[in-house]
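Some labels in a structure description rest on cut-offs. The questions below ask how such labels are reached.

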Amino acid sequence: MSNTYTCFSAFYDLFMDNIDYVQWGEYLTSLLKEYGISSGLVLELGCGTGNMTEFLAAKGYDMIGLDSSCDMLDAAIEKKCLSGHDILYLNQDMREFELYGTVSAVVSICDSLNYITEYKELVNVFKLVNNYLDPKGLFIFDMNMEAKFKTIHDDIIAENREEASFIWENTYYEAEHINEYELTIFAPCGDGKYEKLTETHYERAYSLEEIKSALAEAGMTFVVSYHAFTRRPPEKNSERIYIIARENGKQST
């Protein structure tokens, strides 16, 4: 994960402008409030350029954003300077993150947890989440499912913008449940010339049963799963799902 989102970070918001962060944020906020978290300290794992972190901060949550990419966090800090929100950003790998204390809730969206491609490492992330949550604290995260990767299998997405152009090539290795994203960016560098930048990303498709098993191994309590942006159970063709879990093991004081 340490090499994820380096050159692409400068163009992330440009090429991800199809995501309705307001809709996503309202859905996430509604889940937090429905399960008793209407304020307090919230950690976002894989916060990227801080779009959701900023949204939740504007909703009154005290936010911590954590990401392994310095470049993505640089963009997040620029937004923080403009908004004036008191957000703490941490440059850490979610597989071994450390906090100074516990938080009311942990959230993770935009399939950040799919980048954890080893099951044992996913269990470890969940253990850390359980460790840093308040007693009965809430964990809400989304994940791309295999239906998504099968849908985009061998797809090639290309966009040409004035600011930059990109080619996004997908390859899904069904036996390994791994999706490979090959990103090629052409960024203008003056005098009609372009710089070619490349990155390769990997995501793993976990079944809901594997996710539940990992949560159980980590000592967490599974609460519910939803077809994304609904209150319906996941379906066979669900491309993205949301999972809600709770901290288990601490005693309230």
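Q: What makes up the lining of the second largest pocket, by class?
A: The lining has seven nonpolar, three polar and six charged residues. Ala, Val, Leu, Ile, Met, Phe, Trp, Tyr, Cys and Pro count as nonpolar, Asp, Glu, Lys and Arg as charged, and the others, Gly among them, as polar. The model is a predicted one, where local features need pLDDT of at least 70, side-chain atom pairs count only at pLDDT 80 or more, and totals for chains, interfaces and linings use all residues. Residues are numbered from 1 along each chain as its sequence is written, and side-chain values use heavy atoms, with hydrogens and water left out.

Q: Which residues lie nearest the centre of the second largest pocket?
A: They are M145, E146, Y206, S207 and L208, out of 16 lining residues. Helix 6 (146-151) and helix 7 (208-217) are the elements that give two or more residues to this lining. A lining residue has an atom within 4 Å of a pocket point; a pocket is an open set of points on a 1 Å grid over the protein atoms alone, where a 1.4 Å probe fits, with protein on both sides within 12 Å along at least five of seven lines. Helices (H or I, at least four residues) and strands (E, at least two) are DSSP runs, numbered from the N terminus.

Q: Why does F229 get its accessibility label?
A: The value for F229 is 27%, so F229 counts as partly exposed. F229 sits in the loop between strand 10 (221-227) and strand 11 (240-246).

Q: What is the phi of F229?
A: F229 has a positive phi of about 70° although it is not a glycine. Most residues other than glycine have a negative phi. K136, in strand 5 (residues 133-144), also has a positive phi, near 65°.

Q: What makes Y27 and F229 an aromatic pair, and of which kind?
A: Rings of Phe, Tyr and Trp (its six-membered ring) pair if their centres lie within 6.5 Å; planes under 30 degrees apart count as stacked, over 60 as edge-to-face and the rest as tilted. Y27 and F229 are 5.4 Å apart centre to centre with 70° between the planes, an edge-to-face pair. Y27 lies in helix 2 (residues 21-34) and F229 in the loop between strand 10 and strand 11, so the pair ties together parts 202 residues apart in sequence.

Key. Buried means under 20% relative accessible area, exposed over 50%, partly exposed in between (1.4 Å probe, protein chains only).
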